[in-house]
Amino acid sequence: MRKEKSNRNRNVTVRFTMQEYSQLKGKFTVSTCRGLSEFIRKHLFNKPIVTTYRNRSLDDLMEETIVLNNELNAIGKNINQIAKNINTADSCFEIKQELSILDLEKKILFSKIEEIRNHNQKIAEQWLQL
C-alpha cells in the first residue's frame, strides 16, 4: 500500500488567547501527533487522536532505579580495582589490606542488592494495581 502524497498549500490563521493556546498545547503534548498542525487537523476532521498516559508514581520508581544502577556500577568498578590491586600486590600485607576493603565493598553491595529487592517489590505492587 502506497500512501498518497498530499500537497498542503492552503494556510489558515487562527488566533488564540494565552489560556486557549496553553490548553491546546497541553492536549497536544499528551498526544502522539508529531506536530501541532497534525493535531489540529485530526481534531478538526474528527479523526482519532491517540494520547499517552504517564503514571507519575512510576516516574519516581524509575528515578530510583537509575540511582541504584549508578551505585551498582560504582561498586563494580571498586571491586575490579581491588582485584587488580590484589593481582599486582607484592606483599601479604597489601593483599590483606585489599581483602579488608573488599569485605567493606561486599557489605555495601549486599545492602544495595537488598534495596533493589525492595525497589522491585514496589514496582511489582504498582504493576499489579489495576
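Rings of Phe, Tyr and Trp (its six-membered ring) pair if their centres lie within 6.5 Å, with planes under 30 degrees apart counted as stacked, over 60 as edge-to-face and the rest as tilted.

## The aromatic pair

What you see is a predicted model, where local features need pLDDT of at least 70, side-chain atom pairs count only at pLDDT 80 or more, and totals for chains, interfaces and linings use all residues. Residues are numbered from 1 along each chain as its sequence is written, and side-chain values use heavy atoms, leaving out hydrogens and water.

The structure holds 1 aromatic pair. Phenylalanine 28 and phenylalanine 39 sit edge-to-face, 6.1 Å centre to centre with 65° between the planes. Phenylalanine 28 belongs to helix α1 and phenylalanine 39 to helix α2, so the pair ties together parts that are 11 residues apart in sequence. Helices here are DSSP runs (H or I, at least four residues), numbered from the N terminus.

## How the two helices meet

α1 and α2 pack at an angle of about 95°, their axes 10 Å apart. Those axes are lines fitted to C-alpha atoms over the stretch in contact, and angles run from 0 to 180 degrees between N-to-C directions. That makes α1 and α2 roughly perpendicular to each other (the label covers 65 to 115 degrees).

Tyr21, Leu24, Lys27 and Phe28 of α1 make the contact with Leu36, Phe39 and Ile40 of α2, contact meaning heavy atoms within 4.5 Å.

Key: Angles under 35 degrees count as roughly parallel, over 145 as roughly antiparallel, 65 to 115 as roughly perpendicular and the rest as oblique.
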